[in-house]
Amino acid sequence: MKESTALILEGGSLRCMFTAGVTDMFLANEIEFPCVAGVSAGSLSGLNYISKQMGRTAKVSIDYIKDKRYVGFRNLIRYRSVFNFDFLFDEIGKELLPFDEEAFYESAQRYVAFATDCKTGELVDFEKGKTEELMKGCRSSGSMPLLSPIVTVDGMECLDGGIANPIPIDWALKEGYEKIVVVLTRQEGYRKHPTSKTMLKAYERVYKEYPYLLEKLQQVPDHYNEIQETITSLEKEGRIFVIRPEKPVAVSRVEKNVQKLRDLYEIGKKVANKRMQDMLEYLE
């Protein structure tokens, strides 16, 4: 595959079970993208894709989604986060279902995780081989506003990358990538609704010391919808290739229904297989 090829993975919390199915089919077909860039939960899917641990992303969610040590609103009290990232990166990542760090770091593939700098509101990138605290960067990338604490990485206070840019296609274009495959977690035509007044007030209360972050949070729906319009245009022009769910995804950000998670994973595999030949032709 040409070096000027990139894979962009959208976030979406547990909706990324779709992404897990797609990337596992890439592994099954020995498709190795030279650059993998992910936002939020997409960055976590990217880790397991580069370490070539087929099934690990799905297994973590399916096996531990009902484990109170991992997910639960009670964790907000103890860890200030619905998802207990200490448990995910330490106990799961090192003992229960080990992440193959050696394979990940030895891979020639470029890996970038994106987060939002709370002080500037701008997108920041954490790259393998360049960022000393890479796993902390991945943690900050998936730290959802209100549901997770701010994470300090390389001296920056960071939150979910989706706040600044949920699908960083513009980054890939600026980096010079000529072929870009984008994996989305929402169906074609999906658009975000305006943020509720209740949510906006909660943002203002919690992040009053971060005016630029607040501004970006308020702009999230409009920004997301603009990016979707750009994706539609670029896809029609043949400049990017998009893999997305064919129907609305019935999985919430903190989904507890294991069968729904399994189904979404299988849907991801099915859609990837269906789109595989067209994608390979596009990449050629």
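Rings of Phe, Tyr and Trp, the last taken by its six-membered ring, pair if their centres lie within 6.5 Å. The model examined here is predicted. In this model Tyr64, Tyr70, Phe83 and Phe87 form one aromatic cluster.

**Aromatic pairs**

The count of aromatic pairs comes to 13. One of them joins Phe104 and Tyr105, an edge-to-face pair. Phe104 counts as buried because its relative accessibility is 0%, under the 20% cut-off. Tyr105 has 38% relative accessibility and therefore counts as partly exposed, a class that lies between 20% and 50%.

Phe114 and Trp171 also form an edge-to-face pair. This pair links distant parts of the chain, with Phe114 in strand β3 (residues 110-117) and Trp171 in helix α8 (residues 169-174), 57 residues apart. Phe114 is buried, at a relative accessible area of 0%. Trp171 is buried as well, because its relative accessible area of 12% is under 20%.

A pair of aromatic rings is described by the distance of the centres and the angle of the planes. The table gives both values for the two pairs described above.

| Pair | Centre to centre | Between the planes |
|---|---|---|
| Phe104 and Tyr105 | 5.0 Å | 80° |
| Phe114 and Trp171 | 5.2 Å | 75° |

Both pairs count as edge-to-face because their plane angles, 80° and 75°, are over 60 degrees.

**Charges over rings**

At Tyr224, the charged end of Lys192 sits over the ring, 4.9 Å from its centre.

Terms used
Residues are numbered from 1 along each chain as its sequence is written. This is a predicted model: local features need pLDDT of at least 70, side-chain atom pairs count only at pLDDT 80 or more; totals for chains, interfaces and linings use all residues. Side-chain values use heavy atoms; hydrogens and water are left out. Rings of Phe, Tyr and Trp (its six-membered ring) pair if their centres lie within 6.5 Å; planes under 30 degrees apart count as stacked, over 60 as edge-to-face and the rest as tilted. Buried means under 20% relative accessible area, exposed over 50%, partly exposed in between (1.4 Å probe, protein chains only). Helices (H or I, at least four residues) and strands (E, at least two) are DSSP runs, numbered from the N terminus. A charge sits over a ring if NZ of Lys or CZ of Arg is within 6 Å of the ring centre and within 35 degrees of the ring normal.
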